[in-house]
Amino acid sequence: MTNADMSDVVVEQIRQAGAARRPLRIVGGNSKTFYGGADTADTVLSLAEHRGIIAYEPSELVITARAGTPLADINETLTEHRQMLGFEPPAFGTRATLGGTLACGFSGPRRPFAGSARDFMLGCRIVNGRAETLNFGGRVIKNVAGFDVSRLMVGALGTLGVLLEASLRVLPMPEAELTLAQSLAEDQALAAMNRLQGQSLPLSALSHHDGRLRVRLSGAETAVAAAAARIGGEILGDGPEYWHALREQALAFFAETGDLWRLSVSPAALLSALPGRQLLDWGGALRWLKTDAPAEAVHAAARAVGGHAVLWRGADKTAWLSAEPALAGLQSRLCAAFDPYGLFNPGRMPF
Amino acid sequence: MTIASSFIRLCRQIVGDANVIADPALLRVYECDALAAYTQLPDLVVLPDSVEQIPAVLRLCHVHQIPVVARGAGTGLSGGALPVPGGIVLGLAKLNRILGVDPINRTATVQPGVRNLAISEAARPHGLYYPPDPSSQIACSIGGNIAENAGGVHCLKYGLTVHNVLQIKLATITGELLTLGGSGLDGAGYDLLALAIGSEGLLGVVVEATLRLLPTPPRVQVLLAAFATIEQAGAAVADIIGAGLIPAGLELMDNAAIRATEAFVHAGYPVEAAAILLCELDGQPEQVDADLARAEALLRAAGASEIRVAADAAQRQRFWAGRKAAFPAVGRIASDYYCMDGTIPRRHLAAVLAEIATLAERYGLSVVNVFHAGDGNLHPLILYDAGRPGDFDKAEALGGDILELCVRVGGTITGEHGVGHEKLPQMCVQFQAAELEQFHALKQAFDPDGLLNPGKAVPTLHRCAELGKMHVHGGRLPHPELERF
């Protein structure tokens, strides 16, 4: 693992970009460029060399690393101490960095049971559009001093500031894990998933597609065994491989042609009929939809149940996110408060 | 009275005569929150009794440029609901309806004035509960919990308020109603929900919230471990977490706290111990059994002189009775106390407690410690006598020193109570000028005229300079061309 503090170089590049009013495209490992709107900046600001774990105290359950640190390095270090990133972030390749992971804010199958990327964010150091280096949050679990800018950075696609480093809460790895499967139609699976989530069980993932409900259990060996006996179903030998493939979108479902939509809705929501096929993750709260339906129809279907949709992978990304008009003005003022010259990733967010 | 009578008339038109308080004798009730050391008589109190009235009142304040301080149950401990001169207090206590519990999706939708505990009571018939449990949960309201990002005993395992809210409706100062978050587990665009939570009433007024509910754990068990030294107890906390065990609660009481509570509630605590840890485990029965065995082994290895496992629910409640009665118990041994709230990395627990004792001695005051050790959230209770001239000033100065100590070891000046009015001086210690400027710029995006809870949570640079905490060197100030000092 290489270590290098490139903060000064990054700040200087942002200062110059600001002086010239020349926007920057922020890049880490370039593994998630497919997501969001098209970036219109020509000049690249690379964070890939700005890397290294700065602090890690297993007894504090906190790790601090530079933005360009490969996600793989972080996972490896944590594994040595039987700890993990609780939000189980997808990497989409081997080049994913911590900064990109947080800027996108994606969370894996464990999310409903352990928390999201933003839930684990404790603090960060950023550079704003004025080339000022700022610290927010910290390295402790409870901290309510000042506005929660650290969590605001998660999912902002780099448009509010350049992440230099971040401190994340980590979790101990469970002693045991087990995956159960049973054949169920989609509506039955949805009901079953919500029934399970209403009970105190050591659940850590719940998915459904291709007519199979899959349940992951995590915890003490005895607790996992007792819960498995209560839930029933076939024990899957390749459970870990399955959840990895789901998280990394390596399942055949994701390779099928057509637009791929991501719908975040209440876990028991019944969506109005849209053409296509769907995969349920997050115990029903996340729906992956392959459909030819027009963007407005998908956005409307999600909105009708109080949720939202984003076009994850598709030909025409102009309507990837449907920004609520009431919020658009506020979001753009907020962006200007951090990046008054519009330097960072113009075009990635619709405001 | 600086508020014009014409403005008062317009308020009465919106909320009705009975819901506007202008009589100075009745205004007295609203002059402080639970931090009674700071008082300010409000000019006017407006108490909407329907959600629709809130945007209307805010719009009116915006048009007339009247500052607004939102107030829930008034249990805040940092002066966040302290009125501002020339402003109104917008009391939300009448909006106390639970709008619905959805047992299938495991959510509750409530108005801001609903008490924290009432949410779990409404969810109980469905086998569900709302996890964040501030100590004041019997009285505090969810709107205030959201404004302060409240914590509690169980947030080590179940998170703070920010981890348990799915959606809020926020009224802006211009009277718009924004929906932040959604029915799913995440929203789209910037995470304004996370930003609004803990923003201390500076960005908007929460008028409705949808909260996540969890299944009630079928089994709860509590261990009480006694230690001969604070160092051992502090090390035991780090050992437990480092070994991969995350208890539902892990609380520490020092000898002074043990003695005060034992004399008050007779919980059967070992009064000779330098410290006790209360360790709560919950979940599926098999999981609790496994965790209990590990916790006991870890506490024993850390040098616990005595370990008790509650034999039944009654004993479990007795173990907790002392912890829960700690504040009133301390109230019996001192005429006044001042409760601080800072967080530190757990591994510094013993050293920080020792340093607090040294500082207290220097000021000639006593400090009692009873706090959330599992997440390093300290609550030193500084004992003083308000009747003795200068005593409160000493307590305030000692409190400030303790918070600065927290920052020095890598912690923060507030873990769950908020900055409010109380901790403005220490904000200048934790944050640099450019960071405070960024906070002000962020606030402006929501409230350009600075009418929502002005002067709270984020100090002006001018104030920091006055307090001598902000060291500004020539070119390091972001906008040296602006006149500030």
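Axes here are lines fitted to C-alpha atoms, for helices over the stretch in contact, and angles between N-to-C directions run from 0 to 180 degrees. Helices (H or I, at least four residues) and strands (E, at least two) are DSSP runs numbered from the N terminus. The model is a predicted one, so to speak of local features takes pLDDT of at least 70 and side-chain atom pairs count only at pLDDT 80 or more, while totals for chains, interfaces and linings use all residues. Residues are numbered from 1 along each chain as its sequence is written, chains are lettered from A and ligands numbered from 1 in the order in which they are written, and side-chain values use heavy atoms, with hydrogens and water left out.

Helix α8 (residues 230-242) and helix α13 (residues 349-363) of chain B pack at about 145 degrees, and their axes lie 8 Å apart. Contact means heavy atoms within 4.5 Å. On the α8(B) side, B:I230, B:E231, B:G234 and B:V237 meet B:L349, B:A350 and B:L353 of α13(B). Sorted by class, this contact has 5 nonpolar residues, 1 polar and 1 charged. For these classes, Ala, Val, Leu, Ile, Met, Phe, Trp, Tyr, Cys and Pro count as nonpolar, Asp, Glu, Lys and Arg as charged, and the others, Gly among them, as polar.

Another helix pair joins the two chains. Helix α8 (residues 221-231) of chain A packs with helix α10 (residues 285-301) of chain B at an angle of about 175 degrees, with axes 8 Å apart. The contact of α8(A) with α10(B) divides into 3 nonpolar, 2 polar and 1 charged residues.

Now for a sheet. In chain A, 5 strands form an open sheet in the order β3-β4-β8-β6-β7, with antiparallel pairing; two strands pair if DSSP finds at least two bridges between them. Its edge strands, β3 (53-57) and β7 (133-137), each pair on one side only. Strand β6 (residues 121-127) and β7 of chain A pair over 5 bridges in the antiparallel sense, and A:V127 has A:T133 in β7(A) as its bridge partner. Across β6, β7 and β8 (162-169) of chain A lies helix α1 (residues 7-20), running at about 135 degrees to β8(A).

Grid points are joined across faces, edges and corners, and a volume is the space filled by probe spheres set on the points. The count comes to 3 cavities of 30 Å³ or more. The largest has a volume of about 170 Å³, and among its 16 lining residues A:N143, A:V144, A:G146, A:D148 and A:R151 are the closest to its centre. That lining splits into 8 nonpolar, 6 polar and 2 charged residues. The second largest cavity has a volume of about 140 Å³. Its lining has 10 nonpolar, 3 polar and 3 charged residues.

Definitions and conventions:
On a 1 Å grid over the protein atoms alone, a cavity is a set of points where a 1.4 Å probe fits but cannot get out, and a pocket is an open set with protein on both sides within 12 Å along at least five of seven lines; lining residues have an atom within 4 Å of a point.
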